[in-house]
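Have your viewer ready and work through them in order.

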Amino acid sequence: MTYDDIAVALIVGNWKMNTTVNSAITLANAVKFQIEDQFRHEVVVCPPYVSLHSVSETLRGSNIAVGAQNMHSETNGAVTGEISAEMLSQICQYVIVGHSERRTYFSESDLFINLKLLAALSADITPILCVGENLEDRDSGLAHDMVSSQLEANLNGMDLDSKIVIAYEPVWAIGTGQSASPEIAQDMMFHIREILADLVGNRSEAIPLLYGGSVNEDNIGVYVSQADIDGALVGGTSLNADAFCRLVANASRTER
């Protein structure tokens, strides 16, 4: 494969609760083989906990980073079944925080997510904060209000000079095949950029904004061509090495 110049900042593949250790290694190797040394921007894969170390070793020395899908806010202690940022710090560069599936299925509060973000930053891991409205909020005209509320609560007390990534994932578009239009996505990204500007001024331009929600190789180009979309958080497509690498290639060929 040959690729053109890069115009996006970050492509993150969230494997969710898929793959065994062996199949995760196979997938990581396939992505590494097709992507390695072809891009100036960063590509991240986020396997399940059980495969983090194996995938990290598989990708060692490549230009593909590794992220965790979740973490706890405590550094250690009697929290059975949980993983701390300190535990992740030697094998991960990124961690997803506040994904809608965590907010919905596990009732994670904005305060808990805020504490997770602070813990990730203290361990020198870049958090990918997910925000987004559900269909009822969208249909009621409350999408901006919901995302504003999440951002203000989640980022409370945080030094935004630290590395952080914001991913806008409309809940109604995650895993449904119904992606938000580029216009809807850009409108929300502009709104997020305004909120960040109120918090950190011009430094907000340095915070990558990702779109997520049924992103695939065919529609990635129209998203990253938008003025305020710097990349994508990719779900199902990231489980197919060929499709994921084509998505990265298509994003890379897009100019804006």
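**Exercise 1.** How many aromatic pairs does a search of the whole structure find?

*Solution.* The search gives two aromatic pairs. Keep in mind that the model is predicted.

**Exercise 2.** Classify the pair of Y168 and Y211 as stacked, tilted or edge-to-face.

*Solution.* Step one: the ring centres are 6.3 Å apart, and the cut-off for a pair is 6.5 Å. Step two: the planes meet at 55°; under 30 degrees would be stacked and over 60 edge-to-face. The pair is therefore tilted.

**Exercise 3.** Are Y168 and Y211 buried or exposed?

*Solution.* Buried means under 20% relative accessible area. Y168 has 0%, so Y168 is buried. Y211 has 1% relative accessibility and is buried too.

**Exercise 4.** Describe the pair that Y211 forms with Y223.

*Solution.* Next, locate the partners: Y211 is in strand β7 and Y223 in helix α9 (residues 220-224), 12 residues apart. Finally, check burial: both Y211 and Y223 are buried.

**Exercise 5.** Which residues do the ring pairs link into a cluster?

*Solution.* The cluster consists of Y168, Y211 and Y223.

**Exercise 6.** Where does R102 lie relative to F106?

*Solution.* R102 sits over the face of F106, 4.0 Å from the ring centre.

Terms used: Residues are numbered from 1 along each chain as its sequence is written. This is a predicted model: local features need pLDDT of at least 70, side-chain atom pairs count only at pLDDT 80 or more; totals for chains, interfaces and linings use all residues. Side-chain values use heavy atoms; hydrogens and water are left out. Rings of Phe, Tyr and Trp (its six-membered ring) pair if their centres lie within 6.5 Å; planes under 30 degrees apart count as stacked, over 60 as edge-to-face and the rest as tilted. Buried means under 20% relative accessible area, exposed over 50%, partly exposed in between (1.4 Å probe, protein chains only). Helices (H or I, at least four residues) and strands (E, at least two) are DSSP runs, numbered from the N terminus. A charge sits over a ring if NZ of Lys or CZ of Arg is within 6 Å of the ring centre and within 35 degrees of the ring normal.
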